[in-house]
Structure formats: C-alpha cells, structure tokens
Amino acid sequence: MNRGLLLRLENLVQLRGACWQLRALSSRKVCGAQWKPGQLSAHPVGSLLLHPQLLQKDRLISAALSQCRHLATKEETKKKKKRILLTRGEVEIRQKMTVEELAQAMGKDIDHIYEALLYTDINLDSVEPDSILREDHIKMIVQKSGMKYKSAKLKEEKERKNTDAVKRQVVNYPAVLTPRPPVVTILGHVDHGKTTLLDSLRKTQVASMEAGGITQHIGAFIVHMPSGEKITFLDTPGHAAFSAMRARGTNVTDIVILVVAAEDGVMQQTIESIQHAKNAGVPLILAINKCDKPEADPERVKKELLAHDVVCEEFGGDVQAVNISALKGENLMVLAEATVALAEMLELKADATGLVEGTIIESRKDKGKGPLTTAIIQRGTLRKGCVLVAGKTWAKVRFLFDENGKAVDAASPGIPVEIMGWKESPSAGNEILEVESEQRAQEVVAWRTYVEQQEKMKKDLEVIEAKQKEHRLEYEKKQQQLAHLTWRQKKAVLYKANKHLMFSRPKERTEMDENTLSLIVKGDVDGSVEAILNILDSYDCEDECKLDIVYFGMGDISENDVSLAEAFNGVIFGFSVKANASIKKLADKKGIKIKLHNIIYKLIEDLKDELNSRLPPAVVETTVGEASVLDTFSVTVGKTKIPVAGCRVHKGLLDRKMKFKLIRNRDVIWKGCLSSLKHHKDDVQVIKTGMDCGLSLDKNLEFNIGDEIICYEEKEVQQTTSWDPGF
C-alpha cells in the first residue's frame with residue numbers, strides 16, 4: 001500500500017477519535033453520564049500498535065481534553081458544594097455579628113433578618129445593616145428560620161503590650177541635683193492688679209496689650225533680680241471663666257503670690273485661688289495691692305483672710321504679707337525678696353541630666369510656625385532635636401524660644417520655653433516626656449490612642465446595654481399585654497403593628513431645628529477654648545433653645561469654618577482671633593455671622609443675645625380697663641336671645657377694638673371680642689372710668705352678677721434666656 005495514503009488514513013482515524021471524545025464530553029454535560037477515555041470504539045487498535053507515535057499523540061489529546069473537562073466543571077462543583085452546605089441548615093455564628101453578616105451566613109436577604117427581629121425586644125428604628133446583634137438574638141433568628149447554629153472558633157486576641165512612656169525614678173543624689181529658679185504663680189480676683197504687678201516686675205507693657213486690662217490666657221516669664229537670682233512667674237487669668245487654667249498654674253508652681261486689692265478685700269476668685277493653692281500644697285505670699293488709694297484698708301484684708309485659714313505672720317501664722325502698689329512700683333523689691341527668701345527655705349533643686357520631663361502650660365497655633373506650646377521644664381535639659389511625647393501627639397524639637405520670642409539652644413529645669421515642632425497641638429496641662437527615638441514616640445502615641453479607644457468602646461458598650469435593657473423591658477411589657485392571645489394571634493398583631501418598620505431606615509436630618517443654635521468656636525490658645533467650652537457646659541436651658549457645638553479649635557477663622565457654619569446654619573464665635581477680608585466677604589455672601597471678641601464676658605453676652613434671638617416671642621397681656629357686672633338681661637334679635645351684661649367701668653377704659661376676658665371666681669371662663677358695646681341706647685367705641693354700659697360677647701354665654709370684665713391688649717415681647725453662666 002502507498003505509504004502516503006496510509007499516513008493520511010491514520011490522521012483521519014485520529015481526528016475521528018478526537019471528535020468522538022468531544023461528543024462524549026458534551027453528552028456527559030447533558031445527561032450526566034460518567035465519562036471514561038477507554039470507551040471509544042472508533043479508534044483502530046491495530047493502527048495504534050503499528051505506530052506508537054500515534055498512541056502518544058492520542059494520550060496527549062486525551063489528557064488535554066480531561067483538563068478541559070475539569071476546568072469546565074469546577075464552578076459547577078463549587079455551587080453544588082455550597083448548595084449542600086446550605087441545605088443542611090447549619091449556620092456558623094459568632095459574637096458581635098452584624099445584620100448583614102448574619103444574612104450572608106444564613107443565605108438570606110436582609111429583609112428576612114428584619115422580619116425575624118420583629119419577635120425580639122430590639123427597636124427596629126435604630127437597626128442598620130451594620131448594626132451589631134446580641135448573641136441570644138442571633139440564635140433566635142437562626143432558630144426561627146428553621147436552621148441550626150454552631151459557634152465559630154474564636155481566635156484568641158493577644159493581650160497588647162503596654163508601650164507607654166513613664167517618668168524616671170526620682171534620684172536624690174546631691175551630686176546630680178542642681179539649684180533651679182522657683183516657679184511662682186500670681187493668683188487673685190479679676191482686676192486686682194496681677195498683670196500690673198508682673199508688668200512692674202519685668203518692666204514691660206503687658207497690661208496695656210491685654211484687652212480691657214484683663215489677662216485672657218496664661219503667660220510664663222523670667223524676672224532677673226538685682227542680686228542675680230531668677231524667678232519664673234506664671235500669670236494666670238483672674239476671670240471666673242478661667243478656673244481650669246488657674247488650677248494648672250498651681251500644679252506646676254512652687255510658690256503662690258496671692259494678690260488682693262486693699263479696697264475690695266476678699267472676692268470670689270480670691271477664695272478659689274486659696275483653694276487651688278491648698279489642693280496643690282503650695283505655700284502662699286500675700287500681696288495687698290492698691291495700698292496707695294485713700295479707701296485702702298490692708299488690715300481688713302488680713303482679717304478677712306483669717307476666715308479662709310490664711311494667717312499672716314503678725315497674727316502668729318507663716319504667711320508673709322507685703323503692702324504694695326503695683327501701679328506706682330512701691331515695695332515691689334520687698335515682695336521679690338520675700339519670694340527669694342521663701343525659695344531658699346524650700347531648697348528647690350532638680351536633676352538637669354537625663355531624659356526631659358515637663359508640663360505644658362499653654363498651647364496655640366501659629367500661621368508660620370505651626371503648633372506651639374509653652375512649657376515649664378521640671379527635669380533634664382531640653383535641646384533642639386529632642387523627641388518629646390505629650391498626650392496623643394509627639395514632636396521633634398526644631399526651635400526653642402524664650403518669653404521674648406528669641407531663639408535659645410537649651411532650657412534647664414524651672415525655665416519656661418516655647419517649643420516648635422509638634423505634629424499636632426497637645427492640650428494644656430499635658431505631661432511632656434522625652435523618648436529615645438521617633439519610632440519610640442510613635443509607639444507611645446499608638447498605645448495611648450489604643451487605650452483611649454478601648455475606654456470609649458467600654459463606655460459605648462455600657463450605653464448600648466442600658467438601651468437594650470430599656471427595650472427589653474418595653475418588649476416584656478408588650479408581651480404581657482398579649483399574653484391572653486394564641487401564638488397565631490400574637491404573630492398577626494405584631495406583624496400589623498411593625499410591618500411599616502421592616503423596610504424603613506433612619507433618615508438623616510435634612511434641616512436643622514429652628515430652635516437650635518449651632519456654634520463654631522475658635523480661640524487663640526488651647527486654654528481660651530477650654531474656658532469657653534467649660535462655660536458652655538453649664539448651659540441648662542435645652543427646653544428653651546438647644547445649643548449644639550459643631551466644631552471648636554485654635555487659630556484664625558478659615559474658609560472651612562464658614563462652610564461648616566453654612567451647613568449647620570450656625571454662628572462663628574472667635575476669641576482673640578482674626579478673620580481676613582476674604583473670609584468676611586465669603587461669610588457675608590453666605591449669610592453667616594462671625595462674632596469676634598477679645599474679652600470673655602463680652603463674648604458670653606453676645607452669645608446670650610444670639611440665644612435670645614432664637615427664642616419665639618412671648619405674648620404679654622397689658623390690662624387697659626376693668627368693669628364689674630351689676631345686672632344681667634337679654635335682648636331678642638330675630639328668634640335668638642342674646643345675654644347682655646350691665647356693667648360699670650371702675651378702672652381704665654373699655655375699647656371695643658381690643659380683646660376681653662370674663663373672670664368668675666378668679667377663673668377665666670372666656671376670652672374673645674365684644675359683639676356690641678352700648679351707652680344707654682347708643683353704640684359707642686370707648687367707655688371710660690365711672691360710666692355705665694351694656695355689652696354682649698361674641699359667644700352665647702350667660703353672665704352672673706359680680707363677674708369681672710377685663711379689657712386687655714396683647715403685645716409680643718422678645719424672650720430672654722434664663723441661662724446664667726455665673727458672671
């Protein structure tokens with residue numbers, strides 16, 4: 001036989017065998033028959049034995065087709081497995097599953113879960129797809145759906161290692177400790193001359209720069225004495241709003257100078273300052289100011305202080321008292337010497353080596369420099385490049401500034417310094433700790449953030465449990481009301497009552513309540529914002545007008561603040577900050593109010609005026625005239641009898657245009673207008689005092705002799721808020 005013809009024949013046979021394999025595969029898909037490569041009968045065995053290379057090719061083709069079959073059925077096998085798992089009716093559950101997760105685990109839609117929740121004590125108004133369900137509710141939903149549940153294996157959460165930074169141990173080796181300047185806080189009532197005293201000590205004009213002569217936020221300064229000693233002074237506000245800032249001042253201080261005006265004596269913030277000093281365990285020096293005034297009475301001040309356990313040396317106590325005049329500079333050196341003498345007795349020393357420790361006195365934002373903090377260093381020596389941690393932020397120190405704004409290279413214990421290089425603004429009062437590296441600082445901040453989140457979650461969980469308990473009690477009460485019904489009747493009643501909730505979701509509030517004042521508060525420093533927020537915390541008139549603080553922060557008014565105010569229909573209040581011309585123009589265009597103040601009590605007064613404007617006007621009744629009913633009779637008009645009262649006016653006048661009320665036995669039984677007013681037989685508009693008249697009402701009401709007819713006028717008067725911020 002021709003060899004070429006034989007090869008062509010063998011190729012045709014091979015092609016035919018491949019076609020039979022493809023047909024068998026398609027037949028398996030349609031009929032589900034099990035496919036086996038060896039069942040092909042059309043392949044001639046003889047030709048395969050004669051030509052082994054054809055057998056090899058056939059095997060390769062079979063393997064390729066087998067792989068094709070495997071790929072084609074892979075997805076189908078997966079679906080089959082899923083169907084098998086689902087038909088078993090066993091759901092794997094775990095704690096804190098959401099509605100959406102439970103629906104996926106059960107192979108149901110979310111509405112099925114909502115329907116099952118109708119039989120629980122859960123309030124469906126507050127349920128969202130991402131709401132977390134209690135374990136007993138999850139089990140109940142699975143059981144109601146005719147399925148079984150099994151608990152998933154929980155991964156054991158490893159306890160996180162505490163990576164917080166802590167203070168160094170106190171070392172009392174005399175060789176390590178070096179003398180440091182005393183930190184002195186000046187406390188006292190508002191306008192008793194604290195800033196003027198400090199101004200006279202350091203020969204600058206701080207008081208003239210302060211708005212209204214009142215210190216608005218804390219300042220830290222060094223005063224150099226002629227003898228060479230240094231004294232670090234903290235100047236705290238005396239206004240009632242700044243109580244927290246005064247408390248911070250005493251916590252880092254060594255000595256308190258209590259300033260009391262000789263003509264005013266002991267006032268509210270004087271008492272508070274004494275209490276702050278006692279709580280901190282800090283010794284006092286009494287500075288009786290304004291002794292140059294004719295009405296000054298220093299002895300009265302000393303006696304008044306006895307009631308508050310402040311006993312001066314002349315009365316057998318240990319408190320030094322110095323009579324001064326801060327304005328004229330009288331006896332200031334005596335006061336400074338008394339401070340130095342007390343500091344020597346206290347033997348103030350600190351460790352200037354090792355890692356830095358300190359306290360933030362004030363925090364603010366600067367446009368060019370970013371977040372800045374004023375701090376008092378307590379241990380170690382602060383230099384450029386140090387890595388610091390305070391609260392939930394950290395800094396690599398870029399620059400250090402003294403109280404005059406001059407750059408310095410280092411700050412030792414007892415020295416106030418302004419620090420630049422913070423990632424974010426820390427809060428005033430936070431503790432400063434130096435760490436070894438930036439990585440270590442990030443670890444500390446991450447740990448503190450984690451701890452705060454855990455505490456917040458714990459508090460949120462307590463609130464959730466309290467709400468759930470409340471709903472559970474309500475649910476049990478409803479179940480008791482339905483106790484007499486059969487289970488089918490209960491199901492029908494519950495479904496009818498709650499079916500409108502199944503597809504409803506809480507909608508976002510699209511428009512603000514008219515009786516709500518939304519605030520954006522901006523301040524120059526952290527302490528000022530803190531003081532304003534503390535005042536707003538005392539607001540207790542939510543029934544009159546709701547107060548909503550949308551945002552608060554430091555720095556000048558920005559475009560973002562205006563956008564927030566527009567979104568919430570709010571008002572921007574700025575304290576010791578500015579708003580540039582473009583921001584003011586934008587605010588005017590959007591109808592947003594920007595209120596800027598430099599004095600705290602004026603800001604609060606403006607806030608109260610804004611609250612008043614949100615209150616609805618009150619209707620006030622003003623009495624115009626009074627009359628007594630002396631006789632009663634009736635007049636027939638058509639077929640209707642109309643009661644008429646014969647009256648005499650004994651006060652003011654009766655004007656038919658105004659409103660009237662009928663009083664019987666001190667109770668108001670009618671309010672409205674008159675249908676007629678006559679003097680003898682004439683219709684009149686006004687009846688004056690001493691005149692008699694007959695009148696009828698716009699309502700068919702019987703009169704009694706002795707009734708009182710009051711003529712009054714209604715006027716709308718602007719309400720004022722009853723909120724009292726305490727000053």
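**Labels and their cut-offs**

Modeller: This is a predicted model. Start with Lys302, which sits in helix H11, residues 298-306.

Biologist: Why is Lys302 called buried?

Modeller: Its relative accessibility is 5%. Buried means under 20%. So Lys302 counts as buried.

Biologist: Which residues are in contact with Lys302, leaving aside neighbours within four places in sequence?

Modeller: Leu286, Ile288, Cys312, Glu314, Phe315, Ala321 and Asn323.

Biologist: What makes the pair Lys302 and Glu314 a polar contact?

Modeller: Their side chains are joined at 2.5 Å. The cut-off is within 3.5 Å for a pair of N or O atoms.

Biologist: How do you know that Lys593 and Glu610 form a salt bridge?

Modeller: Their closest N and O atoms are 3.1 Å apart. A salt bridge needs a side-chain nitrogen of Lys or Arg within 4 Å of a carboxyl oxygen of Asp or Glu. Lys593 lies in strand S23 (residues 593-597) and Glu610 in helix H18 (residues 600-614), so the pair ties together parts 17 residues apart in sequence.

Biologist: What makes Arg614 and Glu610 a salt bridge?

Modeller: The N to O distance is 3.9 Å, and the limit is within 4 Å. Both residues lie in helix H18, four residues apart, about one turn of the helix. Arg614 is called buried because its relative accessible area is 19%, and the label requires under 20%.

Biologist: Which residues are linked in the network of salt bridges with Glu610?

Modeller: Lys593, Lys595, Asp606 and Arg614 are linked with Glu610 in that network.

Biologist: What do Lys661 and Glu621 tie together, and why?

Modeller: Their side chains meet in a salt bridge at 2.9 Å, N to O. Lys661 lies in strand S27 (residues 659-664) and Glu621 in strand S24 (residues 618-637), so the pair ties together parts 40 residues apart in sequence. Lys661 is buried at 14% relative accessible area. Glu621, at 33%, counts as partly exposed.

Biologist: How many salt bridges does a search of the whole structure find?

Modeller: The search finds 32.

Biologist: What share of the protein is buried?

Modeller: Buried residues make up 41% of the 727 residues. The protein has 18 helices and 33 strands. It exposes about 41900 Å², with carbon and sulfur atoms supplying 51% of that area.

Methods:
Residues are numbered from 1 along each chain as its sequence is written. This is a predicted model: local features need pLDDT of at least 70, side-chain atom pairs count only at pLDDT 80 or more; totals for chains, interfaces and linings use all residues. Side-chain values use heavy atoms; hydrogens and water are left out. Helices (H or I, at least four residues) and strands (E, at least two) are DSSP runs, numbered from the N terminus. Buried means under 20% relative accessible area, exposed over 50%, partly exposed in between (1.4 Å probe, protein chains only). A polar contact is a pair of N or O atoms within 3.5 Å; within protein, one must be able to donate a hydrogen and the other to accept it, and residues adjacent in sequence count only if both atoms are side-chain atoms. Contact means heavy atoms within 4.5 Å. Accessible areas come from the Shrake-Rupley method with a 1.4 Å probe; for residues, only the protein chains shown count as cover.
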